[in-house]
Amino acid sequence: MIPEIGHFALILALFVALALGLLGVIGGQQGRDDWMALARPGAQALWLLTAFSFGCLTYAFYTNDFSVSYVAQHSNSKLPGLYRVAGVWGGHEGSLLLWHFMLTSWMLAVSIFSRQLPDAMVSRVLGLLGLVAVGFLLFMLITSNPFLRLSDVPTDGRDLNPLLQDPGLVFHPPMLYMGYVGFAVPFAFSIAALLNGRLDAAWARWSRPWATAAWIFLTLGIALGSWWAYYELGWGGWWFWDPVENASFLPWLVGTALMHSLAVTEKRGLFRNWTIVLAITAFSLSLLGTFLVRSGVLTSVHAFASDPKRGVFILLFLSVVVGGSLTLFAMRASKVRSGGSFALVSRETFLLVNNVLLTTAAASVLLGTLYPLIVDALNLGKLSVGPPYFNSVFAPIMVPVLLFMVVGSFARWKSDSATELAKRLSPVGIASVVLGSTAPLLAGAWSALAALGLTLAFWIVLASLLQIYQQLRNTVNWKSTPISYWGMHLAHVGIAVCVVGITMVKGYETEKDVRMVIGDTVSVGGYTFRLTGIRTEAGPNYHADVGDVELIREDRVLRTLHPEKRIYFSSTMPMTEAAIDTSLVRDVYVSLGERLEDGKNPAWAMRVYHKPFITWIWGGCLLMALGGAMAALDRRYRKKAASFAATPVKNGALV
Amino acid sequence: MNLKYWLGILLVLIISSTASYAGEATPLAEDPVLEQRLMAISEELRCLVCQNESLAGSRADLALDLRREIRTLIKAGKTDAEIMDFMVSRYGDFVRYRPPVKPITWVLWFGPFLLLIGALVGLARMVRRSQSSAAAPALDPAQREKAQALLQDTELPS
Amino acid sequence: MKKAMIPLGIFLVLVVFLAIGLTRDPREVPSPLINKAAPAFTTTRLQAADQPFSAKDMLGQVWLLNTWASWCVACRQEHPVLMEFAKTKTLPIVGLDYKDKETDGLKWLARFGNPYDITVTDKDGRIGIDYGVYGVPESFLIDKAGVIRYKQIGPVTEEALRDKIIPLVRELQK
């Protein structure tokens with residue numbers, strides 16, 4: 001009964017979304033108050049129905065209702081309770097419902113936090129989002145219904161993929177989808193602006209916190225995914241340039257460009273067309289990602305079981321949404337020259353250069369990801385594009401981004417002088433080069449790449465510190481500095497932290513692949529590992545070989561690590577659960593391999609890693625997200641419209 | 001002391017001498033230098049039966065076989081290029097994780113760089129063009145009123 | 001053309017590629033050995049470990065080399081098709097038992113039937129590597145001069161036989 005009610009709720013949601021879409025958009029266009037008034041309640045009703053439907057599916061999962069096909073495919077009676085809930089989004093149909101739930105949650109947020117926006121705008125935005133929801137609901141109801149029943153009810157389910165039975169499943173997909181879907185909001189704002197013809201600074205100010213919010217979630221989602229892969233997969237990798245990873249990274253890159261472009265549009269009214277294209281592109285890339293993961297077009301460890309019918313549907317949906325918006329853009333793009341101008345050396349220029357660089361980086365990643373498909377489609381053979389390509393192309397493009405990031409935040413709006421900038425920044429530059437070139441020596445061997453990475457990191461951090469110092473010195477009351485200013489610096493420092501992590505890990509990580517019997521030791525990175533025992537353990541739905549490995553440094557046993565090799569009942573592939581000791585400056589990582597010899601003195605394959613500063617990669621992402629949150633919560637986004645008349649915008653104003 | 005006693009001592013001595021004592025773990029590979037070269041080559045090759053993994057990290061059967069094959073080739077003194085040729089002649093270009101620079105991949109390898117140059121040139125032109133419309137036009141009273149209303153975000157009667 | 005139409009243009013091109021991509025299989029690796037000499041190999045027969053077999057023994061005939069294994073699930077799918085095809089005596093079929101234990105291979109053939117004129121073993125998979133095998137079953141059609149003319153990736157299906165293999169065999173046998 002419950003699954004049927006959940007199914008019915010989705011059908012109802014379809015009609016509500018359709019009504020919301022039509023009434024919201026047309027009402028907004030024609031200024032019909034009665035229709036516009038339905039927008040907020042409509043979005044809220046849509047959320048309620050979706051939440052209810054999601055609840056029904058969760059209930060079916062949790063109570064092991066194997067008569068529901070989706071539950072039978074992705075769950076099992078021995079599956080621990082936590083994964084019976086998180087497993088709801090472990091497969092295609094459920095993850096689509098999660099996608100849709102996130103969309104309606106953003107719509108709910110827009111309906112609540114939009115008091116300062118004109119009603120016509122809100123009505124259009126919610127209406128457009130409602131139309132996107134219609135697409136997803138149709139997709140689910142026609143091709144991917146999570147509530148389908150089986151006529152032959154199995155006694156037990158096929159179990160959730162063992163790789164997913166991990167706390168990472170609880171956080172990574174929801175966070176990631178919040179980010180992905182979140183870009184629908186600035187997308188909707190852009191389309192609404194194109195529809196009503198007002199592409200002005202006000203529109204930019206309204207869109208900006210939503211773009212930032214989506215960006216924050218996407219940053220966290222990607223960081224969580226990377227961290228999860230690192231500790232779960234067992235061989236210490238954290239980024240693979242896998243097509244699905246790229247699919248999430250692309251909206252992030254474009255989203256970063258969007259946030260900064262919105263800054264210029266808000267402050268100076270410039271770059272309007274560019275901002276709109278970026279907003280459309282960010283969401284289009286999210287939809288493209290959905291297509292790539294679920295259509296079977298590319299091979300990936302993340303890909304859901306593919307079905308060409310689903311691929312066709314998503315492609316049609318993609319064509320309508322993206323094709324429609326780009327057509328609208330082509331017709332309505334602002335032909336009016338903005339009237340503002342800026343010098344070759346100005347904050348605008350540096351922001352624009354970095355936007356161009358970020359977009360080019362995104363285009364390169366997209367090209368690399370799709371190239372095998374393009375070559376195959378043209379019948380020119382089969383090619384493969386792997387990490388070596390992406391690493392060679394992406395890193396060189398990002399180096400100037402990091403460089404200009406700092407210069408841009410120092411430069412004044414509209415016009416600045418190159419010599420003055422050079423004068424203000426040269427102490428920072430010199431200090432960065434000195435510190436960056438010598439720091440690698442502290443870590444061991446000197447490496448040019450490590451020096452480059454650390455120099456850039458110092459460049460960013462020292463410049464931020466200098467700016468903050470000057471700001472505090474020049475301001476009478478530091479509390480009057482808007483919180484978004486601190487947010488910007490925190491986010492930029494976050495990037496520097498991330499760069500340090502990546503540089504140090506790539507430059508100085510060490511690993512050893514050894515054969516160990518009980519009592520053997522192996523050393524790596526100044527740490528010694530001693531295998532003291534191997535025993536078997538039974539878990540709720542697996543049995544495991546668990547190793548006891550002592551971690552020793554300078555003859556002192558720090559702790560005992562327990563790497564495992566699990567065999568789940570539902571799968572024949574053994575799963576490695578690595579044991580990691582984390583500290584601020586390094587991870588030591590032990591992974592249990594195969595049993596090489598049986599008998600009285602069994603021998604095991606073990607892999608040990610020393611990874612310096614690896615937590616800085618994800619720590620940096622966390623700082624970026626925090627900085628973004630501070631920027632998005634700035635008071636000026638929450639003030640009501642009228643009070644803005646008196647606020648002047650000074651030249652050289654802060655972010 | 002009788003024979004049994006001496007045999008017992010002998011037995012104890014034999015057993016204790018063959019009992020392995022705990023020491024430094026032996027590397028899984030016979031020759032670490034060779035393994036390093038193997039890993040470097042394998043990281044440039046794709047595991048054909050996996051979903052997007054390099055030959056270096058994969059645990060698949062075919063990957064183990066291919067790594068064993070490459071190890072043999074390294075021991076036989078083949079160069080990196082010869083080993084790559086060995087793999088490509090059997091599995092095609094698809095097995096290379098780093099796409100080769102051939103006419104068919106020129107767009108892939110040079111595209112981003114060209115795109116960047118083109119974009120920067122376009123940007124420079126745009127900046128220069130915006131500077132030519134430097135003087136902001138003066139507003140007449142009606143326009144000024146319109147501007148004021150817009151600044152206050154009130155909806156104009158459309 | 002308006003500059004504003006560029007994004008739309010790029011997108012439309014992309015959609016066309018994606019649509020074509022839906023009809024392709026990204027996991028399929030085409031063989032670079034087509035129209036090249038079949039790699040030489042010498043191995044022993046499955047039923048008689050003392051009897052050698054070389055690829056060059058088949059020169060002068062058009063023949064089909066089919067890789068299979070007792071542990072391979074998809075091979076069971078193609079097996080009935082091969083049995084039927086073997087009955088037509090169109091051309092000799094050589095079975096290559098890939099990375100299998102001899103006893104397992106023999107048991108499998110005894111249980112399901114033997115469509116092969118000759119069965120040989122590839123215990124360590126090296127012949128497979130030389131032929132670019134990445135997943136059994138795979139089959140190679142080799143002509144009288146010992147040149148590989150066609151590779152079937154995955155199980156031999158009736159469509160593949162009817163539309164590709166048999167016509168080509170007729171051609172090559174002329």
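In which hand, left or right, does H8(A) cross H10(A)? I will come to that after a word on the model. What you see above is a predicted model.

The answer is that H8(A) passes H10(A) in a left-handed crossing. In general, two packed helices are described by the angle between their axes and the distance between the axes. Here helix H8 of chain A covers residues 168–182, and helix H10 of chain A covers residues 201–233. The angle between them is about 150 degrees, and their axes are 7 Å apart. On the H8(A) side, the contact includes A:Phe171, A:Met175 and A:Tyr180. On the H10(A) side, the residues include A:Phe217, A:Leu218 and A:Trp228. Sorted by class, this contact has 13 nonpolar, six polar and one charged residues.

Next, the domains. Chain A is divided into domain 1 (1–163), domain 2 (166–345), domain 3 (417–508 + 616–621) and domain 4 (510–613). I will stay with two of them. The C-alpha centres of domain 1 and domain 2 of chain A lie 21 Å apart. Their contact takes 29 residues from domain 1 of chain A and 27 residues from domain 2 of chain A. On the domain 1 side, helix H5 (81–86), helix H6 (92–112) and helix H7 (119–143) of chain A each supply at least two residues. H7(A) gives the most to that side, with eleven residues. By class, the domain 1 side has 20 nonpolar, eight polar and one charged residues.

Now the core. Which residues touch the most other members of the largest nonpolar core? They are A:Ala184 and A:Ile460, in a core of 256 residues. H10(A), the helix from the opening, gives the most to this core, with 18 residues. Leaving out residues up to four places away in sequence, A:Ala184 touches A:Leu103, A:Trp106, A:Leu129, A:Val132 and A:Phe283. Another core, of 18 residues, lies apart from the largest one, and A:Val549, A:Val590, A:Trp604 and A:Val608 are among its members.

Last, the contact between chains. How many residues does each of chain A and chain C bring to their contact? Chain A brings 27 residues and chain C brings 18 residues. On the chain A side, helix H12 (272–294), helix H13 (308–332) and helix H14 (347–377) each supply at least two residues. H13(A) gives the most to that side, with eleven residues. The chain A side divides into 17 nonpolar, eight polar and two charged residues.

That is where I stop.

Terms used:
Residues numbered from 1 in each chain as written. Chains lettered and ligands numbered in written order. Predicted model: local features only at pLDDT ≥ 70, side-chain atom pairs only at ≥ 80, totals over all residues. Contact = placed C-beta atoms within 7 Å. Helix = DSSP H or I, 4+ residues; strand = E, 2+ residues; numbered from the N terminus. Nonpolar A, V, L, I, M, F, W, Y, C, P; charged D, E, K, R; others polar. Domains from an automatic or database assignment. Axes fitted to C-alpha atoms, helices over the stretch in contact; angles between N-to-C directions. Left-handed = near helix turned anticlockwise from the far one by under 90°. Core = buried A, V, L, I, M, F, W, Y, C linked by C-beta atoms within 7 Å. Buried ≥ 20, exposed ≤ 12 C-beta atoms within 10 Å, placed from the backbone.
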